[in-house]
Structures are given as C-alpha cells and as structure tokens.
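Reader: Could you walk me through this model, one topic at a time? I would like the cut-offs along with the answers.

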Amino acid sequence: MIDNVHTDVESLSAETAPGTVFDQYAAEGVLAYQRCGGCRHAVFPPRVLCPSCGCDDLAWQPSAGHGTVYSATVIAPRGKEPYTVALIDLDEGFRMMSTVTAGDGSAVAIDDHVRVEFRPAGEDAPLPVFVLETAR
Amino acid sequence: MSTSERALRGRAAIVGVAESSLGEVGPGISSLDLIGQATVRALADAGLSKHDIDGLFTHSAFFSQPVLTTAEYLGIRPRFADGTATGGSSFVGHLWHAAAAIEAGLCEVALIAYGSTQRSNGGGLVASGAALTRSWETPYGPRMPASAYALAAARHMHEFGTTREQLAEVAVAARQWAKLNPQAFVQDDLTVDDVLSSRMVSSPLTVRDCCLVTDGGGAVIVTSAERARDLPKPPAYILGAGEATWHMNISQMPDLTTTAAQDSGRRAFDIAGVGPQDIDLVELYDAFTINPILFLEDLGFCAKGEGGAFVSDGAIAPGGSLPVNTNGGGLSYCHPGMYGILLVIEAVRQLRGEAGARQVDRHSLALAHGNGGTLSSQVTAILGDESTL
C-alpha cells in the first residue's frame, strides 16, 4: 500500500502528480481522495491546491467507498444495453461521477446507497464504479 | 457592485442584427461563410460598413483561434479583440465586454459574430478541441451534454416534484412560438404526449426535450449610445449585464437545482435598476427543457422549485403571462452548437417591434440569458428601448 503521499506544489513531480497517485491507489483497489490540511475540505478530482481555501497542504486519504446517489440518468444507446450514469456523494464529503449497477437490473434511484468496486480497464488504471448496497 | 460597472448602464447599444442562413445549409458552405453572410446583413441593418468595425468578439468550435480566423476572412484589422469562450453563453458575454470596451475607448464599433455548419458537417455537437486534460467523467459514458442536463432534471424532479409533463410544456410552448416564426427549423404540431413518447436520450429527457442540431449563425453590431442615435434603426440599449462562472463539469456543480444564473441575474438587474416584474419578454438559452425552468427560478421570475408549475398551462407560450423564447428557441427554431447570439438577435427584433406574427405587445424591456458548458457559465443581459434609459 502506498501511504502518506503528500502533495504540495513544490514537490510536484511525475511520481506525486495528483492523477498518478489516484491511479496507484486504484491499482490497489482503493478509492482515494485528498483532504485539505488547512480547511479539512475533501478534494476530488485530485489537484495541487484546495479549491475551497486555496492552500496546497493536501494529504491523500483512502475512502471507505460508501456513498449515496445524488442524481442518476439512464442512457440506452440503440442496440446496446442501457446503463446508469450517476453522481455519487461519498461519505467522506466529495462527489464524483460514476456508473451504478443494480445487479438485478432494477433502476437506480436518487438516495440509494452504493459502494465502490473496481472495474479492470486494460492498460489504464482500474476504474471505480459502484454497486447498490442493500442493507445499510 | 462597483460604481464604474453601474456607469455602463445605457452607454452602448445594439444597432445592427442579422441571422445567417439557418437550418441545413448543405455541403460546401463553411462556418466562415455563414459568419460573413450574417456580418454583411448586420452591417446593412446598422447602416455601417465593414471599415467601421474596430472591435471583434467571437468564439467557435470550428477553429482554435476564432478571432484570427474570422478577422482574416472578413478582411478586418480590429484594434480590440475578445475571444472569450464560455460555450453558448459567450456571445451574451461579448455584448457586455463590447459595452465596456467602447466605454473605455478601446474600440468604437464592435462586431459580435458566430457561424456553425454542425448539421451539414454530420450531426453531433462539436466539442471545443481535443482534450489532453484528463476527464473524470468521460470514462463512465455520459452522453454529453444531454446527460448533464438530465442529471439536473432528475434532481429537480426529486426535490420539487417537477414532472416530465412540465418539462414537456417547455418544448410545446417553444413549438407554438416557432409556428409564428418563418425561420424556425421545425413547425410541426407538438403535444406533451409527443414529447413524453419520443425516444429517450438520457432519462428523464427524450429527444424532444433536447435542442435541435442545426446550422446557423448571426452577427450583432454594438456602438456607443451617442453614435447609435445617428443610425437608422432604433437602438437597443444595453442596460446591464452579469456574468457568473461556477464550474465546468456537472459533477462539480454543488447543487444541481441552482445555477449561476442566480448571480448573473442579480448583477444584471442591479446594474439595469429593474427587476423581473419589469421585464416584457425573456429569451432564455433552452438547450434542454429543464433550462428555462431553472433559469426562470434563478432569475427571480418565480420561487425556487416552482418553475415546473410556472411553465404549465401555456404560461410561456404565445398569449401566456410571460413571453419566453419568442423565436421558438433552441428547441424549435435553431441551435447551431452555440445559440447565444441568436437570443440576443431575437430580443433586439422584439424591442424594435420587427418580429412580425410573433411580436409581443409590450416590448420595451427584454432579458436575454445565455448558458454555456453544462449549466456552467451563466450570462444575463438586459436590453431596453429609448423609453427605458
């Protein structure tokens, strides 16, 4: 497990690049985000400064991977399986776009609880996706 | 609000407007040809010549340096140029930037221009350049821009009980206005049931909740209020405007039911010294049916959450309580990738009383509201005739 990666603007390098670190966590099955040391804001997508307070004291944290559907839309391309694109509010306080699968084919609804899984993406880092969490 | 920004009220005016050919112009005609065509027409409308233009304001998804490409094609050498690129709202922003530049003496006659052949070029919405910056949304397959607006619509329905029928009312009202506009791309009958039963693009939005994909363009000429009074057409004075930019990606929009139009509208009304109750007609960027609902709320025409009820029962259709999108809008008249310039043109025609069968009775004060990105950039402009100065 990579740990305690700290990003500030002076230490920015190929190894500490925010997107790279995110992918390294993802390769280990961890959904990571940054926590601002200044104002405690949860930062996603990864970057080099806090979009809330502006300071560059950002520390990587693993998310527990549990969240709630903020909104969702179903896209049904001609001749292909419909899929759901959703905005997920993670319990740690950040939001991301992802896809949600219900397993039994039922619709995903706003306020549904979901948890992260990682989908292999070939040469790219595994992609965080979500599944419905029934009992919570 | 700075004193100097308020001082821009009524200092510049729109003196010439024109559309290019609209709809489907066919192969061989370029986006630049449409810009040229609209510019020639707008200059004629203004009683000015190409040599008067010393300020150029434009944006395009067809070329990476739109100001340079457009200036070369038109054969102009502007001393002031502005390529502000906030998506479809850009051209409403250009209006305010032109007013400021003219007041500052940076230019005297500003051309705002746009042209697009996206329909003839094969349909899909043209994105602005190749993305070398990683997207945190694209891997999940959202059908942009529709899915972003679908997410906002779904959330609005969840929070406020807004219905698909109410979304459809926006499309139906737009179609009724389009039937009064010979330039409108679609003129067929459209009912709420037609909208609901159309092909679903990204739930809850069907293809009839989405704007057209057309060719088209336009040009707008702006100059000082002093010079405007010597020109042939009644000036449409720029009474105030406001810009607001909150995010780019829909996943970074804090509250999908509240747009930056709250800020842009407040700024514009403050400078113009008027309120929503004073406005005679409204041109809103209706890329999707949820847009007018959100913007009517955020601009203060109704309370947050009541937009669905507000647009129902023909209230924004011809003969309704508030004329909205009197040309038929992006939903039924024309949506050439970016629509912002066309809503300014329609507002000016209404203020002048030149709108023919769709002319509204009271037409002294108009609001034109541009949207760009995925509910990202919001720009509001308030225009008035001589009586509003």
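Reader: To start with, in which loop is the place of Arg40(A)?

Author: Arg40(A) sits in the loop between strand S2 (32-36) and S3 of chain A, where strands (E, at least two residues) and helices (H or I, at least four residues) are DSSP runs numbered from the N terminus. Before going on, note that this is a predicted model, in which local features need pLDDT of at least 70 and side-chain atom pairs count only at pLDDT 80 or more, while totals for chains, interfaces and linings use all residues. Residues are numbered from 1 along each chain as its sequence is written, chains are lettered from A and ligands numbered from 1 in the order in which they are written, and side-chain values use heavy atoms, with hydrogens and water left out.

Reader: And what is phi of Arg40(A) near?

Author: Phi of Arg40(A) is near 70 degrees, a positive value in a residue other than glycine. Most residues other than glycine have a negative phi, and most peptide bonds are trans.

Reader: Which residues does a cis peptide bond join in chain A?

Author: Phe44(A) and Pro45(A) are joined by a cis peptide bond with omega of about -5 degrees, and Pro45(A) lies in the loop between strand S3 (42-43) and strand S4 (58-62) of chain A. In chain B, the peptide bond from Ser203(B) to Pro204(B) is cis as well, with omega near 5 degrees, and Pro204(B) is found in the loop between strand S5 (200-202) and strand S6 (205-206) of that chain.

Reader: Changing topic, what order do the strands of the closed barrel in chain A run in?

Author: The closed barrel of 5 strands runs S5-S6-S7-S9-S8 in chain A, with mixed pairing, two strands being paired if DSSP finds at least two bridges between them. Its neighbouring strands are turned by 45 degrees against each other on average, direction ignored, with axes taken as lines fitted to C-alpha atoms, for helices over the stretch in contact, and angles running from 0 to 180 degrees between N-to-C directions.

Reader: What packs on that sheet from chain B?

Author: Helix H5 (residues 146-160) of chain B does, touching strand S5 (66-75), S6 and S7 of chain A, and its direction makes about 115 degrees with that of S5(A); contact here means heavy atoms within 4.5 Å.

Reader: How many bridges pair S6 and S7 of chain A?

Author: Strand S6 (residues 83-90) and strand S7 (residues 95-101) of chain A pair over 5 bridges in the antiparallel sense, and Ile88(A) stands opposite Met96(A) in S7(A).

Reader: Now chain B, what is the strand order of the open sheet of 9 strands?

Author: The order is S3-S2-S4-S7-S1-S8-S11-S10-S9 in chain B, with mixed pairing. Strand S3 (80-82) and strand S9 (281-284) of chain B stand at the edges with a single partner strand each, so one side of each is left without a neighbour in the sheet.

Reader: Which helix lies across S1 of chain B?

Author: Helix H13 (residues 340-352) of chain B lies across several strands, including S1, and runs at about 110 degrees to S1(B). Strand S1 (residues 12-19) is itself joined by 7 bridges to strand S7 (residues 216-224) of chain B, the two running antiparallel, with Ala219(B) in S7(B) as the bridge partner of Ala18(B).

Reader: Last one, how is chain B divided into domains?

Author: Chain B is divided into domain 1 (5-122 + 215-239) and domain 2 (143-210 + 240-388), with bounds that come from an automatic or database domain assignment. The C-alpha centres of these two domains of chain B lie 22 Å apart.
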